[in-house]
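Please read it alongside the sequence and the model.

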Protein chains: 2
Amino acid sequence: MTKLRPALLALALTAAGAAAAADEPKPALTMQDVLDQSTAADWRPLDPDNTLYVELASGRVVIELAPAFAPRHVANIRTLVRAGYFDGLSINRSQDNFVVQWGDANSADPAAVRTLGEADAKLPAEFVRDAEGLDFTRLPDVDGWAPEVGFVQGFPAARDTKANAAWLAHCYGAVGAGRDAAADSSKGNELYVVTGQSPRQLDRNITTVGRVVHGIEHLSVLPRGTGPLGFYEQPGQRTPIKAIRLASGVPAAERTAIEVMRTDTPAFQALVESRRNRRDGWYVQPAGHIDLCNVPLPVRAVTAKK
Amino acid sequence: MTKLRPALLALALTAAGAAAAADEPKPALTMQDVLDQSTAADWRPLDPDNTLYVELASGRVVIELAPAFAPRHVANIRTLVRAGYFDGLSINRSQDNFVVQWGDANSADPAAVRTLGEADAKLPAEFVRDAEGLDFTRLPDVDGWAPEVGFVQGFPAARDTKANAAWLAHCYGAVGAGRDAAADSSKGNELYVVTGQSPRQLDRNITTVGRVVHGIEHLSVLPRGTGPLGFYEQPGQRTPIKAIRLASGVPAAERTAIEVMRTDTPAFQALVESRRNRRDGWYVQPAGHIDLCNVPLPVRAVTAKK
């Protein structure tokens, strides 16, 4: 069968058991070479207290939270999750090439709205944070949306050193806290995930709380809503959320055993270069460039713990 | 309900009946303002000979072909379509955040492969064309993938005037002709549609034949294939294609009555500016920039012909 060859396989789970070869990454490696040659130190586990499991009938979506960028929102989300706030709520919106969003479909009905319990009802906007003190691995490629882009702790991010500001970038899989017109109206109880072309115009306009690291296909395939902004017009079209849990609240045996590639290593630099200039024979014209949101953030299954 | 407000409504069909106001577009217009103030001359119908209907059980996908960029491939696709080549074939691949692809699932089986009939079995690669003589509406915003980007006849495109080369850009909805390792191995009988973050690294590496203008959600929601490259592992997982037809081969009453916004007008420039710097109150930080693949290409329903 005639096939497109630009394999993005490693965006899905890559097999564990990376080769033990500790060779220095070479400039002409393919992405698969880089993954094959990576060592245990090139990967990191997820912190169970910063990991959300969104449990749907179709499977589990794994989200890594970003307390370094949105500490108040992340704390509020943890409080909501521990109280079971999201359990039994639903995905209420899927707008093609943009976002899916979940929360309390009865939020406008005082008689039916779900209480926030111990969670804060008011949070500050956390659109940007100080750039100083942040370990920022810069991507040298030009970006139109920000003076500098790169990676912080595995998250695609941007930086303006003159303004001492850094923020998370709205790439595919970014998770944010929906808000109304007021900048400080998000509470973390209404969350969206980017499922389309990176809407970087949202950067610095809304609080980004994390990113999906596994299982995004359970969200991206949802039927598009036919109402304004992709909201479902009929309650029966919504996708029920069985539960949202912190990994730390789930027995170890039931956790999703994955690791994500570190973004502050020579191996990751080699991976970026392997995508900036594709080395496999299929390509006749290497791009010589990569956009921040085109950089893959590899995740792999961990088959056995030592 | 707390909502994200960056409405992309106009990416879906916008209501016809644009206001008759012929005011000069002003810099501070919102996208809705621009659409409301557009005149009939800001819109164009699709050429029925350049319009494909992909008929699925879930509905119709409308594709505009780009003979200005891939004349031989487009001619071959027309020949294949007129002969009913695609009818009864299937969508065989859906790779998350990348592409869906259809063609002959039996192409590797000489006993079962479908004949190309009168269509050419060999075509030249049509990765680029001459830039000279092409009406190119440049987008002034920086782009990392090409010296210049912009629009040609409604298609997002790129240009290198020094090399006298122009090509279509792989934005969401781009339609291309799958190929094997040889650059000239595509025949137009295996087609893919971009359903994820713009894979601009494919630009100049494969023949792009058009773009989806309506109904892409019938493709973007398809279950992701679990085999390599997102191919379905079981034949029963494939989505049957009832038929692919040229609009010119469909009775007028059965055609999809839509118009697309012209990209070579002041109204379109105003639309781009309305997205480069969002004017609605929700935004606190206008981006001052837009990426080529974030520019909406509005389509509207035509409710009644004069």
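Ala157(A) and Ala157(B) touch the most other members of the largest nonpolar core, which has 157 residues. A nonpolar core here is a set of buried Ala, Val, Leu, Ile, Met, Phe, Trp, Tyr and Cys residues joined through C-beta atoms within 7 Å. A residue is buried if 20 or more other C-beta atoms lie within 10 Å of its own, exposed if 12 or fewer, and partly exposed in between, with C-beta atoms placed from the backbone.

The model is predicted: local features need pLDDT of at least 70 and side-chain atom pairs count only at pLDDT 80 or more, while totals for chains, interfaces and linings use all residues. Residues are numbered from 1 along each chain as its sequence is written, and chains are lettered from A and ligands numbered from 1 in the order in which they are written.

**Around Ala157(A)**

- Leaving aside neighbours within four places in sequence, Ala157(A) is in contact (C-beta atoms, placed from the backbone, within 7 Å) with residues including Phe136(A), Phe151(A), Trp167(A) and Leu168(A).
- Leu168(A), in β11(A), also stands opposite Ala157(A).
- Strands β10 (residues 155-160) and β11 (residues 165-168) of chain A run antiparallel and are joined by four bridges; strands are DSSP runs of E with at least two residues, helices are runs of H or I with at least four, and both are numbered from the N terminus.
- An open, antiparallel sheet of five strands in chain A has the order β7-β11-β10-β9-β8, where two strands pair if DSSP finds at least two bridges between them.
- Its edge strands, β7 (129-130) and β8 (137-139) of chain A, each pair on one side only.

**Strand β3 of chain A**

- Five of the six residues in β3(A) (residues 51-56) are buried, which leaves the strand mostly covered.
- β3(A) pairs in the antiparallel sense with β4(A) (residues 59-65) over six bridges, and a hairpin joins β3(A) to β4(A) through two residues.
- Within this pairing, Val62(A) in β4(A) is opposite Tyr53(A).
- β3(A) also pairs in the antiparallel sense with β16(A) (residues 243-246), over four bridges.
- Glu55(A) has Ala243(A) as its bridge partner in β16(A).

**Contact between chains A and B**

- Chain A contributes 61 residues to the contact and chain B contributes 61 residues.
- On the side of chain A that touches chain B, β6 (99-103) and α3 (217-220) each supply at least two residues.
- β6(A) gives the most to that side, with three residues.
- The residues on that side of chain A divide into 29 nonpolar, 20 polar and twelve charged; Ala, Val, Leu, Ile, Met, Phe, Trp, Tyr, Cys and Pro count as nonpolar, Asp, Glu, Lys and Arg as charged, and the others, Gly among them, as polar.

Terms used. Two residues are in contact if their C-beta atoms, placed from the backbone, lie within 7 Å.
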